[in-house]
Amino acid sequence: MQSEKQSISRGKKILQSILDATLVPFLAIFTAVVIGGVIIKMVGGNPFEAYMGLIEGSLGSKKALSETAIWATPYIFAGLAVALGFKGGLFNIGAEGQLAVGAVFSALIGYALPQWLGYDLPAIVHIPLAVLFGMLMGGLWAGIVGALKAYTGGHEVINTIMMNYIALNTTSFLLNGIMKDPSPTNVIARTPLIAESARIPPIFDGLRVHWGFVLALLIAFLVWWVLNKTTLGFEIRTVGLNPDAAKYAGINVKRTIILTMALSGMLAGLAGSIEVTGLNYRHELGFSIGYGYDAIAIALLGKSHPLGVVLAAFLFAAMRNGATRMQFLTQLPVDLISMLQALILLFVAADAIVRYIYRIKSRGERVVLTRGWGG
Amino acid sequence: MKKLYFVMALLIVASMILAACGAPATEAPAAGATEAPVAAATEAPVAEVTLDDCVKEEVFCVGLVTDVGKVNDKSFNQSAWEGVQQSQVDGAADLVQFIETADAKDYAKNIATFGDAGFDVVVTVGFGLGEATLAAGVTYPDVKFIGVDQFQAWQFTEDTADDSANVTGLNFPEDQAGFLVGALAAMMSESHVIGAVCGTDVVPPVWRYGEGYKAGALYADGMNSTTTEVQVVYHSDVGFDKTFTDPEWGAQTAKAMMDNGADAVFGCGGLTGNGAITAAAQAGKYAIGVDADQYLTLPEAAPQMLSSAMKLIVPGVAELVAQAKDGSIAAGNYTGSAGYAPYHDLEGAVSDEVKAAMEEINAGLLDASITPGVAPAKP
């Protein structure tokens, strides 16, 4: 074995590493789909009709693709946020709260700024202002946790969870109070609509997909570039791998932790900002619920690689979006989708199960690229 | 090439299943794989009406989009869906189908799914879908939209640009529902003290429930020459985030009322009202629910649940679907009917005289010979 491994060329090694990275997620998805199919059958549905509905509803038409992209947009941003945290050795469970903070402040700039100034802004100024402000506030929100970690050692998992509660309850307070849509028939906790000049336009006429989606893809590339091609990225990754070694190597660990957390929060904040400025044109208490937690699943499934995150975000988006058509055609409960996602996540997180299942009769040793785990 | 690729993919998938599950477990998915295409091909033409027929002129299809939630929520969504199913039983609808909304951003897409499939009527449930429904009304001018609990404000504005030609809001006379249970509470009370614990009176429907309750008790007093003290407390002292979600406050307020001698408590206002209802039931007093038959949704209060002030969503939806079918439906606001829930476990405790009086009052409200005289909103 040893001699064999040494003879493998560089190209093969890369191929192997790609295979290694994608194999478990792929098999996890596959296993989940098979088990999901069995469960659909058990509840009296036709799994093939259901999956056809899912595919049709997510990829089957221009409209379906557009809606999938809409779902994917916040997932990509929030997934990148969590993934970046992972790279820096930080588990950011706070994307949910950072997203809400970003959404609230973008909405505020969106509807209130023209009133404060007394005149309308051109879109080219207003949109970036709204988006950047939401993004920065998300970063600030997460940066607090980073600072707590860096200077007091307070664990980011606990603190981000607590900051989630603070963010969501403060949001609720604001949306029910001073930021509430004042129109007389409104009974919902939501902001007024943002000004036309703060709305990100759709890419195509008649479809809801907007330029925020393109931005998400660009940002994914940017995150990859920063992580792999810049000093900052190197520092983040080094601190993530071994803070002690990083310190020994002369990296300012405290600064890097705060920066990582702030950058992660900015990405999550962007998810909220773009939802407000590109799609909903307001923030409402029920919007974006759970995206921050889905983002953790997406980052895990994508193995924290920006490209992986984009792909995983698409998968989750397609499932969420296709669920409508699946239910329309089969009248099966949409909860099946949550179940499928949970199964996928289970198999990705506990990849020992997947490795165990597929090792039994695998075709040769190729499939067993690693020696199980920890081994 | 494509076919070959497909076959190869199939082979790989099949081999993976074999590898994965071992011999016994493979049978189920493998059998499903061969069955499915055949079943799909034969099912379609055999069934009487399929989704594909909805585009046809003569086939009348009705779709329902829930608010974030399920069609079996024992509340609005479920009642509206039962109304749609009723319209199928009545023969108005040939095919009915629902989509459960999982996320608010899907409102538009879910409605569009029915619009694109050629459905004739789309029922959307809840205030939250109001804007999406109006927007869909413009996109799908040939579809009739029924918005449950969606007040159509455009009817009352000077501006005609936002007028809709095909959206009908189904709203309910909450004052009449409150009136019914107010009369019932007054007739059943032995201490002649009754109470109501409600959410904020800033929300017009809540105000109408509470004031209707007072008016109903007064009406019963007039019938029976009694004097009933009615305590209606609105939770208007807190913000919108709390007013409907404060069961502790509801329970405390109900207890204070019962300390003052109240032996029937009407809870109107989400979880706050539920807190009051549960507290009353636990104290062995009469509890009265709101909106739907809460005997079914609040099991802990069920034994003492006298009745509930109900919005009759099922007949309201069925009626509007029938109107859409015969073309008599009008855009704007449609007022459905109010009612009161069965006595359930307390059937024996309610005397025949009270039952007869309740039926009389209900009939009076329906033919408008009795009017609660409550303003639409708090002045």
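# A tour of the salt bridges

Across all chains, the count comes to 23 salt bridges (a side-chain nitrogen of Lys or Arg within 4 Å of a carboxyl oxygen of Asp or Glu). You are looking at a predicted model, where local features need pLDDT of at least 70 and side-chain atom pairs count only at pLDDT 80 or more, while totals for chains, interfaces and linings use all residues. Residues are numbered from 1 along each chain as its sequence is written, chains are lettered from A and ligands numbered from 1 in the order in which they are written, and side-chain values use heavy atoms, leaving out hydrogens and water.

**Stop 1: from chain A to chain B.** Select A:Lys63 and B:Asp116, whose side chains meet in a salt bridge with 2.7 Å from N to O. This pair crosses between chains: A:Lys63 sits in helix α4 (residues 62–87) of chain A, and B:Asp116 in helix α3 (residues 107–116) of chain B. Helices (H or I, at least four residues) and strands (E, at least two) are DSSP runs, numbered from the N terminus. A:Lys63 is partly exposed at 33% relative accessibility, and B:Asp116 is partly exposed at 45%. Here buried means under 20% relative accessible area, exposed over 50%, and partly exposed in between, with a 1.4 Å probe and protein chains only.

**Stop 2: another link between chains.** Now pick A:Arg190 and B:Glu131, which form a salt bridge at 3.2 Å, N to O. A:Arg190 lies in the loop between α7 (156–176) and α8 (211–229) of chain A, and B:Glu131 lies in helix α4 (residues 130–139) of chain B, so this pair joins two chains. Is A:Arg190 buried or exposed? A:Arg190 counts as buried, at 7% relative accessibility, whereas B:Glu131 is partly exposed at 42%.

**Stop 3: within one helix.** Move to B:Glu211 and B:Lys214, a salt bridge with its closest N and O atoms 3.3 Å apart. Both residues belong to helix α6 (residues 204–224) of chain B and are 3 residues apart, about one turn of the helix. B:Glu211 is buried at 15% relative accessibility; B:Lys214 is partly exposed at 32%.

**Stop 4: a network.** Next, select B:Asp149, B:Glu174, B:Arg208, B:Asp291 and B:Lys311, which salt bridges with shared partners join into one network.

**Stop 5: a charged patch.** Finish with B:Glu57, B:Glu58, B:Asp94 and B:Asp142, which form a negative surface patch. Patches are made of residues with over 30% relative accessible area and no salt bridge, with like charges joined within 9 Å and nonpolar side chains (Val, Leu, Ile, Met, Phe, Trp, Tyr) within 5 Å.

Methods. Accessible areas come from the Shrake-Rupley method with a 1.4 Å probe; for residues, only the protein chains shown count as cover. Lys and Arg count as positive and Asp and Glu as negative; His and the chain ends are not counted. The place of a charge is taken as NZ of Lys, CZ of Arg, CG of Asp or CD of Glu.
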